[in-house]
Every structure is written in C-alpha cells, then in structure tokens.
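Please look over the sequence and the model shown here.

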Amino acid sequence: MAILSPSILSCDYMNMQRDFAHCKEVGCKWLHVDIMDGHFVPNLSFGYSLVKAMRPVTDLVLDVHLMIDTPIKYAEEFCKAGADYLTIHVEADTEENIHKTLDLIRSLGVKPGVVVKPKTPAEAVLPFLDKCDLVLVMTVEPGFGGQKFMADMMPKLKKLREYINEKNPSCHLEVDGGVDMVTGEICKENGADVLVAGSAYFKAEDKVAFLKSIEK
Ligand code: DX5
Ligand code: ZN
C-alpha cells in the first residue's frame, strides 16, 4: 500500500483549484508542490504565496519539495503558508544549516524531510535521518517534469529503505521523477511508500485506475 502524491507542476495552471478538487474526487490524499529558484535548479516554478493560496481550498496533505539554495532563509514562510511536509535538499546548504533548517521546520509544527539528487549517495541522508518524517529520492535530475525514470537509482532506494527500517521506521520513503504505473511498481518493490507522479498522473485518461495501481 503506497501513497500517490500528484505533482501540481503538471496540472492546468489556469484551473488549479478545479484540478486540486479533482485529485480529491479521484481519491488522492496528497499533493506534491515543487518549488524552484532558478539557482539550485535551472528552472523557476512557484513560491510560498501559492502554498498559502492552496491551503484554504484543499485539505489534501501538502507535500512541499524545496529545490532552492539555502532553504533556511525561506523555510519559515513555507511552514506558515500551510505545508504539511517540507523537504529540503541535502546539497542545498552546509550540514550544520541543514540540521538547523530541519529543527526549525519541526519547531513550527511541520514534518521535515530531506531530498537527494541522483548523484548523491544514500549515506548523505544518515546524519539527518532521525530528524526526518520523509526522505525523498530523486529518480530524475530535479528541475523539470516529464523526464525519463532513472532505474539505476533503485539500489540507493533499497539501501535507504534498510536504513529507515533500522533507524527511523515511521519515516516515509518517497520517489520523484518519471513515475508511472510501470516504474511505480519497481519503486515499491525497492521500498518506496510515497510516489510522486506529475505528467503520468495528469495525462492519465483513467486517474482512478492510475491511483489504484499505485495504492495496491
Ligand atoms: C522535478 C520535480 C518533480 C516533477 C515530476 O524536478 O521535482 O516533482 O514534477 O514530474 P514527472 O512525474 O513528470 O517526472
Ligand atoms: Zn518534486
């Protein structure tokens, strides 16, 4: 049983509220919100104002993925805006500041997590694992939707499942990038329990079937 977190990067921006309501109707429980700063990743997306605007119109779990440098500068704004989970990249600041940011997020009543880019090893999560409610493994280079799933991330995912089971079993293990019904199955086999899907979910003709295939 896994959770689907549809990435709103692929929704219809002129009809966002309609799309969020439709996700709820389909039976989704989470929404994934990608925040990009044009520095940490070569693309721009949304800011905390969008999270703030979403909060009163949806009761789905807001899974906010910060692809920004020095997230300590903005974490508080995203927490206040209404994120439920707030994940930061381990590559985005010093180890000391990542610790401080995770503590800050927790102190504001939001669930903290860390993200690793494809070239970052599983071990990079270890210093932070006891502070996390979510660990996110990128299965594409962060920055854009619609990229090809990197199956070679599966050994890392499996290793992180083992670390989580051993050290912090209630922590979620999420994958993000190129997830569809086929690659989603592979991610679950390797230990993921939350699957982000952007283009595959929003393009799916039968979204209920898509959700069921992820949840089964
Ligand atoms: C990419 C983002 C993803 C993106 C996934 O940097 O973090 O969340 O929306 O899109 P798909 O599912 O199309 O690969
Ligand atoms: Zn994402």
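Helices (H or I, at least four residues) and strands (E, at least two) are DSSP runs, numbered from the N terminus. This is a predicted model, in which local features need pLDDT of at least 70, side-chain atom pairs count only at pLDDT 80 or more, and totals for chains, interfaces and linings use all residues. Residues are numbered from 1 along each chain as its sequence is written, chains are lettered from A and ligands numbered from 1 in the order in which they are written, and side-chain values use heavy atoms, with hydrogens and water left out.

The loop between strand 3 and helix 3 (75–81) contains T70. This residue is not a glycine, yet T70 has a positive phi of about 35°. Its relative accessible area is 24%, so T70 is partly exposed; buried means under 20% relative accessible area, exposed over 50%, and partly exposed in between (1.4 Å probe, protein chains only).

Helix 4 (residues 95–107) holds T101, which counts as buried because its relative accessibility is 0%. The T101 side chain reaches the backbone oxygen of N97 at 2.5 Å. A polar contact is a pair of N or O atoms within 3.5 Å; within protein, one must be able to donate a hydrogen and the other to accept it, and residues adjacent in sequence count only if both atoms are side-chain atoms.

K207 lies in helix 8 (residues 207–215). With a relative accessibility of 14%, K207 also counts as buried. Its C-alpha atom is separated by 27 Å from that of V115, 92 residues apart along the chain.

Polar atoms of the protein lie by the oxygen atoms of ligand 1. A polar side-chain atom of D34 is 2.6 Å from an oxygen atom of the ligand. On the backbone, a polar atom of G143 lies 2.7 Å from a ligand oxygen atom, and a polar atom of G198 lies 2.7 Å from a ligand oxygen atom. Taken alone, ligand 1 exposes 380 Å², and the protein buries 99% of that; accessible areas come from the Shrake-Rupley method with a 1.4 Å probe.
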